[in-house]
Amino acid sequence: MITFFSRFRWSRLPISLCVSSEIFQQKLHEALKGLNGIFTNVDDIIVACCGETEEKAKQDNMKKLEELCKRCDEQNIMINDKKEEIGK
């Protein structure tokens, strides 16, 4: 935003803007790009696992969750533990 005094840059995305949700979704998608089986939908992160048996699927899920947590730490993405749903 440009003011009379200088250029102002937001340190956080203002929620009240019309394009805030689109920008947030785009930035989240960019931050998690390259992780196999990880999808974003609005403000949700979906982890899809696969395996020939239930045990292999759980192992695949845990591996992907570890990769996701590592990437979130690297990108400073905070995950709300209260909204977390695993195995549903």
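**Exercise 1.** Which residues does Asp60 touch, not counting residues up to four places away in sequence?

*Solution.* Start with the ground rules. This is a predicted model, where local features need pLDDT of at least 70, side-chain atom pairs count only at pLDDT 80 or more, and totals for chains, interfaces and linings use all residues. Residues are numbered from 1 along each chain as its sequence is written, and side-chain values use heavy atoms, with hydrogens and water left out.

Step 1: take contact as heavy atoms within 4.5 Å. Asp60 then touches Ala48, Cys49 and Cys50.

Step 2: Asp60 sits in helix H2, residues 54-75 (helices are DSSP runs of H or I, at least four residues; strands are runs of E, at least two; both are numbered from the N terminus).

Step 3: check burial. Asp60 has 17% relative accessibility, so it counts as buried (under 20% relative accessible area; exposed is over 50%, partly exposed in between; 1.4 Å probe, protein chains only).

**Exercise 2.** Determine where the buried residues of H2 lie and what they pack against.

*Solution.* Step 1: list them. Ala57, Asp60, Asn61, Lys64, Leu65, Leu68, Arg71 and Cys72 are buried. Down the helix axis they fall within an arc of 140°, so they line one face of H2 (the arc uses directions from the axis to the C-beta atoms).

Step 1: find the partners. These residues pack against helix H1 (20-31) and strands S1 (38-41) and S2 (44-47).

Step 2: turn to the face away from the buried side. Gln59, Glu66, Lys70, Asp73 and Glu74 are exposed there.

**Exercise 3.** Is Asn76 buried or exposed?

*Solution.* Asn76 lies in the segment after H2. At 67% relative accessibility, Asn76 is exposed. Its phi is positive, about 60°, although Asn76 is not a glycine.
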